[in-house]
Every structure is written in C-alpha cells, then in structure tokens.
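The following paragraphs guide the reader through a predicted model. Please keep the sequence and the coordinates in view while reading.

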Amino acid sequence: MEFLGTVGLHSRGEITLDHVVDEIRKHPASAKAGALAVFVGMVREDPVGDSESKVQYLEYEAFQEVAIKKLQDLRNELAKKQGILDVSIHHVVDRLGVGEVSLIVAVLGTRRRFVFPVLEEAIERVKKEVPIWKKEFTSQDAYWVSEGPVRA
C-alpha cells in the first residue's frame, strides 16, 4: 500500500494513530497550532445491513489509484479552509476484525472551532467520495455496505 505523507491506503497494521499524530505535528506551521482533532474509525460488531447476527469481520477494497488521488484532492481542499494548517487521512484496505482501526483522520488548526467541522467533513466525504468499498461478514451472511454514490 502507499504512504504519501498526509494521505494513505494501508494494509492492516501498517498505520497507527501515533504515526499519524507524530507526522502531522511535524508540519512546518505547527507552532501556530492551537488544536489537533483526531477521528479513529473502528470495526463494530453491530451490522449495518439487515442481518441479525453480529459482524465477525469486514473486508475493505479500493480502486487504489483513484482513491489516493481523491484522498489527496480532499486533503488539499480541506487544508485551505480558514484556520486549518494540515489534514491527514489514512484508510486501511484489508480484512479487519471487530475493534480494529479502519480510518484515521487528523486535522491540525489554529483554533478548536476550526478543526472540528473540517474533521467531520473529511470523514463524511471519505465515505461518500473515495472509491473504497466495505463488505460485512457475519456468521450467517456477507454483503456489501453502501454509504454513498461511489460505493457498490
């Protein structure tokens, strides 16, 4: 998988919260930062679909080249917003069990009032705009989860 500084697609275990936080805190303008907001998405056992059985694991797939480009474009757009110094977006594309990390988004800004809305926008736009697909596996069935127009 690729690690391109502020964005990346990773295999299971290749990226950690500490890595992302350490990276974003090295931004040249970090002395101006008054806030760092972080989101860590994890696999939960409650199914998104109609299944009544609990999720055992998820499998994420991506159209790698397009996904990286979309992540870079999203990061660049969000980093231009008022009060934002840097944005880091990393998604795991692999088989993940309950409790494992699937997405890490970090937003560095001058004030907390700037970072939280950008953090939420980043999460929602990754789900809707980036060609990453999620398949849920339960003890009884498996199905693709749809969250936006790009997903299957």
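**Salt bridges, sheet and helix pair**

In this predicted model, the structure holds 9 salt bridges. One of the pairs joins aspartate 86 to arginine 75, whose closest N and O atoms lie 2.5 Å apart. In general terms, side chains of opposite charge can pair when their charged atoms come close.

The sheet may be considered next. Four strands form an open sheet in the order E6-E4-E8-E9, and their pairing is antiparallel. Which strands stand at the edges? Strand E6 (95-97) and strand E9 (142-145) do; each has a single partner strand, and therefore one side of each is left without a neighbour in the sheet. On average, neighbouring strands of this sheet are turned by 25° against each other, direction ignored.

Within the sheet, strand E4 (residues 55-62) and strand E8 (residues 132-138) run antiparallel and are joined by 7 bridges. Along this pairing, alanine 62 stands opposite isoleucine 132 of E8, and glutamate 59 has lysine 135 in E8 as its bridge partner. Strand E4 also pairs with E6, again in the antiparallel sense, over 3 bridges. Here the bridge partner of tyrosine 57 is glycine 97 in E6.

The helices remain to be described. Helix H2 (residues 64-79) packs with helix H3 (residues 112-129) at an angle of about 155°, and their axes are 11 Å apart. Why are H2 and H3 described as roughly antiparallel to each other? Angles over 145 degrees count as roughly antiparallel, and the angle between H2 and H3 is about 155°; the two helices are therefore roughly antiparallel. Their crossing is right-handed. On the H2 side, the contact is made by Lys70, Leu71, Leu74, Glu77 and Leu78, and on the H3 side by Val118, Glu121, Ala122, Arg125, Val126 and Glu129. By class, the residues of this contact comprise 6 nonpolar and 5 charged, with no polar ones.

How values were computed: Residues numbered from 1 in each chain as written. Predicted model: local features only at pLDDT ≥ 70, side-chain atom pairs only at ≥ 80, totals over all residues. Heavy atoms only, no water. Pairing = 2+ DSSP bridges. Axes fitted to C-alpha atoms, helices over the stretch in contact; angles between N-to-C directions. Parallel < 35°, antiparallel > 145°, perpendicular 65-115°, else oblique. Left-handed = near helix turned anticlockwise from the far one by under 90°. Contact = heavy atoms within 4.5 Å. Nonpolar A, V, L, I, M, F, W, Y, C, P; charged D, E, K, R; others polar. Salt bridge = Lys/Arg side-chain N within 4 Å of Asp/Glu carboxyl O.
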